[in-house]
Amino acid sequence: MTELKTPYLDVRGVGKRFGAFWALKDVSLRIEAGEFVCFLGPSGCGKTTLLRIIAGLEQQDGGQILQKGRDISGLPSSQRDFGIVFQSYALFPNLNVNDNVGYGLQGKGLGRSAVAERVKGLLDLVGLSQSGAQYPAQLSGGMQQRVALARALATSPSLLLLDEPLSALDARVRAHLRTELRQLHQRLGVTTIMVTHDQEEALSLADRIVVMNHGVIEQVGTPQTIYQQPCSAFVADFVGKTNPLSARLSGPGRANWHGLELACEHLPHLPDHTEVTLTVRPEDIVLHPHSEHGDNPESHGTLQAPLHASNRLGVTVHNLEFLGPFCRVSMHLAQNGQILVADVPTAQALHMGLAAQRRLTIDLPARHIRVYGAHAQAN
């Protein structure tokens, strides 16, 4: 039998309770050296609590934390090998940038010149080589966050913890720092855990994403896996946008959605008539400019029309929302009165002349419809 490699960080059955409320319930997770992992989830899901327990800023009520095989569960934060960056930056306002970055090096036995050289190297690394003499109040939010990052890296920790470090910044700066943070991680290779509620951050930065909800881990996987193969209706809805459709299984390879039979490829092993949730991403819905049966969507057949993998349906455009590179199209189905949302490139929307009350046909490809039971896992 092959022996399992010891992970850099091993979280085993961690639980945390605040009064009668369980913030974390038997959470287990393995993180390898050099990984960039994002804890992603809505407010109150337990992601920040888990980060604080790893840092020793909170004490778990059960379970263990092992770092490189060493049990650190009971150690104070001062005896754990990590650097941390908070959402609030937490810079010392009375110290200049050089002194803020070098603060953690005090008492490490380094001479003044060695500290100055280390600080200079870190400021070069984060693009602030000319700002050492400035004070935090003289810096923009993005610059302050870079100082906080340099300070966290000053002691050369093997673990970097980021607690929503970009959430206080405006969208343009946030996008720029995301790119810089990813490049910095690639250069340094330091194991990194980042807490965020921003799915775009997680998808663009992480090697793996840990999706959390109600104190448990819903799914762990690469950004591509989390987005393309969500294991639950919650993950499908939280990571990216989706159309959740309440339906019932009605036979092999099909489900009944408000009287409309749809072909589905990803069916769970459940009895017929079981209530399920179907999900289809807006970008996976295919729009056709002309109906095969004329412009009247009512002519697309009865609710029991023969199934085929394209699931071709008649719709009327209800609303258009311009979102820059794409348009979000809200559509009313002729067959069962339900609403679907599709995303189409803006150029395609203009070419098709999309407008409210326009009648179209659409395809809901069976291969893109995922099906989840009441206690769904991946199908």
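Start at the largest cavity of this predicted model, which has a volume of about 50 Å³; the count comes to one cavity of 30 Å³ or more. Helix α5 gives the most to the lining of the largest cavity, with four residues.

Select residues 141–153 for α4 and residues 171–188 for α5, and look at how their axes come within 11 Å and cross at roughly 20°. Because an angle under 35 degrees counts as roughly parallel, α4 and α5 are therefore roughly parallel to each other.

Now show the side chains where the two helices meet. From α4, select Gly142, Gln145, Arg146, Leu149 and Leu153, which meet Val173, His176, Leu177, Glu180, Leu181, Leu184 and Leu188 in α5. By class, this contact of α4 with α5 has seven nonpolar, three polar and two charged residues.

Finally, move to the largest pocket, which has a volume of about 590 Å³. Centre the view on Phe82, Gly83, Ile84, Gly104 and Thr155, which are the closest to the centre of this pocket among the 19 residues that line it. Then select β6 (83–85) together with α4, the elements that give two or more residues to the lining of the largest pocket. When the whole lining of this pocket is coloured by class, its residues divide into 11 nonpolar, five polar and three charged.

Note on methods: Residues are numbered from 1 along each chain as its sequence is written. This is a predicted model: local features need pLDDT of at least 70, side-chain atom pairs count only at pLDDT 80 or more; totals for chains, interfaces and linings use all residues. Side-chain values use heavy atoms; hydrogens and water are left out. Axes are lines fitted to C-alpha atoms, for helices over the stretch in contact, and angles run from 0 to 180 degrees between N-to-C directions. Angles under 35 degrees count as roughly parallel, over 145 as roughly antiparallel, 65 to 115 as roughly perpendicular and the rest as oblique. Contact means heavy atoms within 4.5 Å. Ala, Val, Leu, Ile, Met, Phe, Trp, Tyr, Cys and Pro count as nonpolar, Asp, Glu, Lys and Arg as charged, and the others, Gly among them, as polar. On a 1 Å grid over the protein atoms alone, a cavity is a set of points where a 1.4 Å probe fits but cannot get out, and a pocket is an open set with protein on both sides within 12 Å along at least five of seven lines; lining residues have an atom within 4 Å of a point. Grid points are joined across faces, edges and corners, and a volume is the space filled by probe spheres set on the points.
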